[in-house]
Amino acid sequence: MRDFSRDHRWLSINTATIRKSRGADLPLSEIIEACVARGIRAISPWRDQVQAAGLANISKLVRAHGLELSGYCRGGMFPAADAAGLKAARDDNRRAVDEACELNARCLVLVVGGLPGALQGQAAHKDIALARGQVRDGIAELLDYARERKMPLAIEPLHPMYAADRACVNTMEQALDLCDVLDPHRSGDLGVAVDVYHVWWDPKLEAQIERAGRERILAFHVCDWLTPTTDLLNDRGMMGDGVIDIPRIRGWVEAQGFAGYSEVEIFSTGNWWLRDAGETLDTCIARHRKAV
Ligand code: ZN
């Protein structure tokens, strides 16, 4: 297992972590400058942030600073209530692949979606098996497109509390079952993003990380699970402040040969987003060294 205690060369910042500074939106260009100023070598930006700043501008900035992208957030949201919705999802996912290519991302992260309409507050139906089928078909179709462009797709299993509205793929086992069906030859074109926040509780986690192996572990996301958690989406903790044994999970992932970035991804309306972004980044660096 790599020693992170002396430097932060393998730290990546998911840009949602400092999307707000002192409660105000922070433009992506400023996020990038703040990371670069601290010797952070990689980021993982969100599409809405890139869109607001302009893809060409961000692409230029990333290249000028020699920044790597540990991932691009995000594609997915495949299920829909009708054919037009499915087509819209397909088209949007292809654009996400194109953007990821332009930014030279390591992978496009897929948050696959749940029951159509649930995220907006009104699910169109209750058939989660149907949604899962649409996810499988959507990834299969996108995989063909992504392969042509050499952009790996990383399925991110989300904690089951998001099954209705964000992702009906909720365990590593489920995600890897999809990989086995859609990419039986383990090409490396399809894999998983292991986010400790979503999977730390799973009694099968170690075994499923072994099953994933080197070819299928495309990203590793860290933050912590706070007790109590006061918000189901935006109360993620700083590494070391919660109950996840992050070094143990990183050990499992690295035992498979994963040697990429540890990407810090914290959504925190009540704490970190209220602080100065510089303070949040400095804390990420310190905790990366001792709690990851
Ligand atoms: Zn994540």
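Close-up 1. Strand 6 is largely enclosed by the rest of the structure, because four of its five residues are buried; buried means under 20% relative accessible area, exposed over 50% and partly exposed in between, with a 1.4 Å probe and protein chains only. Helices (H or I, at least four residues) and strands (E, at least two) are DSSP runs, numbered from the N terminus. This is a predicted model, in which local features need pLDDT of at least 70 and side-chain atom pairs count only at pLDDT 80 or more, while totals for chains, interfaces and linings use all residues. Residues are numbered from 1 along each chain as its sequence is written, and side-chain values use heavy atoms, with hydrogens and water left out.

**Close-up 2. The pairing of strand 6 with strand 7.** Strand 6 pairs with strand 7 (residues 108–111) in the parallel sense over four bridges; two strands pair if DSSP finds at least two bridges between them. Within this pair, Gly 75 is placed opposite Leu 110 of strand 7. From strand 6 the chain passes through helix 4 (residues 83–102) to strand 7, in a right-handed β-α-β crossover. A crossover is right-handed if, with the strands pointing away from the viewer, the path from the first strand over the helix to the second runs clockwise.

Close-up 3. Nine strands form an open sheet in the order 5-4-1-11-10-9-8-7-6, with parallel pairing. Its edge strands are strand 5 (68–69) and strand 6 (72–76), each of which pairs on one side only. Strand 5 pairs in the parallel sense with strand 4 (residues 42–44) over two bridges, and Ala 42 stands opposite Glu 68 in strand 5.

**Close-up 4. Strand 10 and its two neighbours.** Strand 10 (residues 217–222) is mostly covered, with six of its six residues buried. Strand 9 and strand 10 are joined in the parallel sense by four bridges, and Ala 193 stands opposite Ala 219 in strand 10. Strand 10 also pairs in the parallel sense with strand 11 (residues 262–264), over three bridges. The bridge partner of His 221 in strand 11 is Glu 263. A right-handed β-α-β unit is made by strand 10, helix 9 (residues 246–255) and strand 11.

**Close-up 5. The zinc site.** Glu 156 (OE), Asp 195 (OD), His 221 (ND1) and Glu 265 (OE) coordinate the zinc ion at 2.0 to 2.2 Å. Donors are N, O and S atoms within 2.8 Å of the metal (3.2 Å for Na, K and Ca); water is not among the atoms, so sites may look incomplete. The spacing of the donor residues in sequence is E-x38-D-x25-H-x43-E. Glu 156 lies in the loop between strand 8 (153–155) and helix 6 (172–182), and Asp 195 in strand 9 (residues 190–195), so the pair ties together parts that are 39 residues apart in sequence. Both Glu 156 and Asp 195 are buried.

**Close-up 6. Cysteines without a disulfide.** The count of disulfides is zero, a disulfide being a pair of cysteine sulfur atoms within 2.5 Å. Cys 168 is in no disulfide, and the nearest cysteine sulfur, that of Cys 179, is 14 Å away. Cys 168 counts as buried because its relative accessibility is 0%. Cys 179 is likewise in no disulfide, the nearest cysteine sulfur being that of Cys 107, 12 Å away. Cys 179 counts as buried, at 0% relative accessibility.
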